[in-house]
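Colleague: I have not looked at this one before. Can you walk me through it?
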Amino acid sequence: MAIFVSSLIKGFGQMEEIARWVDGQGRDWLGVELIAFTHDEDYWERLNRLLPTLTCPLTFHGPYIGVEAASPRGTADYDHMVDSYRRVCGLAAKYGVRHIVFHYTQKGVTEEERFRAQTVSRENIRTVLDIGREFGVEIVVENLPFPASDQPLFDNEEYAGLYRKFPDLAGIIDVGHARLTGLDMEAMLADWGSRIHAYHFHNNDGVRDCHNRLDDGVIDYRALAALYRKYTPDARIVLEYEPHAWVSEERLAQDIRLVRELYIVAAAGCR
């Protein structure tokens, strides 16, 4: 188990700054989740230059800017998705990355499109899982917030159904997204806890996907700790704050200490 800080906290322009701050803490249980996007060659080159300088544990957030995972096979968008994930998986294998976060779509669908889009997305989930297995890296499939318009591609029950359909699927539960969609966390963890290998932690107002710090919103992370210890005591925890949250290094260090105390140290003590 380990705690990671998403480089989202600083935005694309300061990826190196947060990665080096985390690396400089010198903790074998603290790492960084780098946004491994392929939408811009300059950004991709920066990522490739940064990785050899880091010694801390690493995870990746897989690409979704300019990458739509519900793209039908035979289209240019599908080919771009496959190429992007092959590039990212190859880089992850080279640097021992613990997991790559995968979004099964970036958009809502109309009711008329929903069945067809679900079929395409499931086929593509299979493709991306196979790419991960080929490179020896773990893909974790994230629960997503519902779109502001149209229908979600997968509702909560259908997201859980992905675990039934794909016995080799591992998941990452985004707790902020779960709060927005009304996901029953205890039921989800009771059914699939052994295959939920990571979490995204952030808070919100119950309406918007704010990605605030842990104590800024309606989610009670102290209460969630009991479920974590019971069902997923080895899962990785990623603090995924957005730049607008204005989290200083001092406040970030406080959150890291809190999560370590409530989740990691306490889980170890329960064994």
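Colleague: Which residues touch the most other members of the largest nonpolar core?

Modeller: This is a predicted model. In its largest nonpolar core, which has 87 residues, Leu34, Phe201 and Tyr263 touch the most other members. The largest share of this core comes from α3, with 8 residues.

Colleague: And what does Phe201 touch?

Modeller: Leaving out residues up to four places away in sequence, its contacts include Val175, Leu214, Tyr221, Ile237, Val259 and Tyr263. There is also a second, separate core of 5 residues, among them Val101, Val140, Ala170 and Ala198.

Colleague: Back to α3. Which of its residues are buried?

Modeller: Tyr78, Met81, Val82, Ser84, Tyr85, Val88, Cys89, Leu91 and Ala92. They pack against α2, β3, β4, α4 and β5.

Colleague: New topic. In what order do the strands close into a barrel?

Modeller: The 8 strands go β1-β2-β3-β4-β5-β6-β7-β8, with parallel pairing. On average, neighbouring strands are turned by 30 degrees against each other, direction ignored.

Colleague: How many bridges join β3 to β4?

Modeller: 2 bridges join them. His61 has Val101 in β4 as its bridge partner. α3 packs on this sheet, touching β3, β4 and β5, and its direction makes about 155 degrees with that of β4.

Notes
Residues numbered from 1 in each chain as written. Predicted model: local features only at pLDDT ≥ 70, side-chain atom pairs only at ≥ 80, totals over all residues. Heavy atoms only, no water. Buried < 20%, exposed > 50% of the residue type's maximum accessible area, 1.4 Å probe, protein only. Helix = DSSP H or I, 4+ residues; strand = E, 2+ residues; numbered from the N terminus. Contact = heavy atoms within 4.5 Å. Core = buried A, V, L, I, M, F, W, Y, C linked by side-chain atoms within 4.5 Å. Pairing = 2+ DSSP bridges. Axes fitted to C-alpha atoms, helices over the stretch in contact; angles between N-to-C directions.
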